[in-house]
Amino acid sequence: MPNMTVMPINKTVPAAEGASILQAMLAAGMNAPSQCNGEAKCGGCHIFVLEGRKSLSKVQRLENERLDSLVGVSSKSRLACQVIVGAENFTIEMPSFA
Ligand code: FES
């Protein structure tokens, strides 16, 4: 099972392949801001993928549209509820933890 490292708290937890990053965070007991039940509507789960992006799912239209409406996005931005975990370890940063 791949590991997910969450910055800036520098916590590493297992993340089930095939789950969303949001689901992995919740399974690890992390408080992930979400107000839309993972439907790419609220933008509260905005994260930056710092490492390991190649094994994660690609950005889809719905996620891309929501990211376009958010402030503070970068080329590393994703919505944790829309990213499916692959086989490799990865590192994310939660802006709301900074
Ligand atoms: S949980 Fe609302 S956009 Fe991801």
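Modeller: Residues are numbered from 1 along each chain as its sequence is written. As the model is predicted, local features need pLDDT of at least 70 and side-chain atom pairs count only at pLDDT 80 or more, while totals for chains, interfaces and linings use all residues.

Colleague: Why is Asn37 called exposed?

Modeller: A residue is exposed if 12 or fewer other C-beta atoms, placed from the backbone, lie within 10 Å of its own, buried if 20 or more do, and partly exposed in between. Asn37 has 9, so the word is exposed.

Colleague: And what makes Ala40 partly exposed?

Modeller: Ala40 has 18 C-beta neighbours inside 10 Å, which lies between those limits, so Ala40 counts as partly exposed.

Colleague: Where is Ala40 placed?

Modeller: Ala40 sits in the loop between H1 and S3; helices (H or I, at least four residues) and strands (E, at least two) are DSSP runs, numbered from the N terminus. Asn37 lies in the loop between helix H1 (21-27) and strand S3 (46-51).

Colleague: How do you know that S1 and S2 pair?

Modeller: Two strands pair if DSSP finds at least two bridges between them. Strand S1 (residues 3-7) and S2 have four, in the antiparallel sense, so they pair. Thr5 has Thr12 in S2 as its bridge partner.

Colleague: What makes S2 and S4 edge strands?

Modeller: The open sheet has five strands in the order S2-S1-S5-S3-S4, with mixed pairing. Strand S2 (11-14) and strand S4 (77-79) each pair on one side only.
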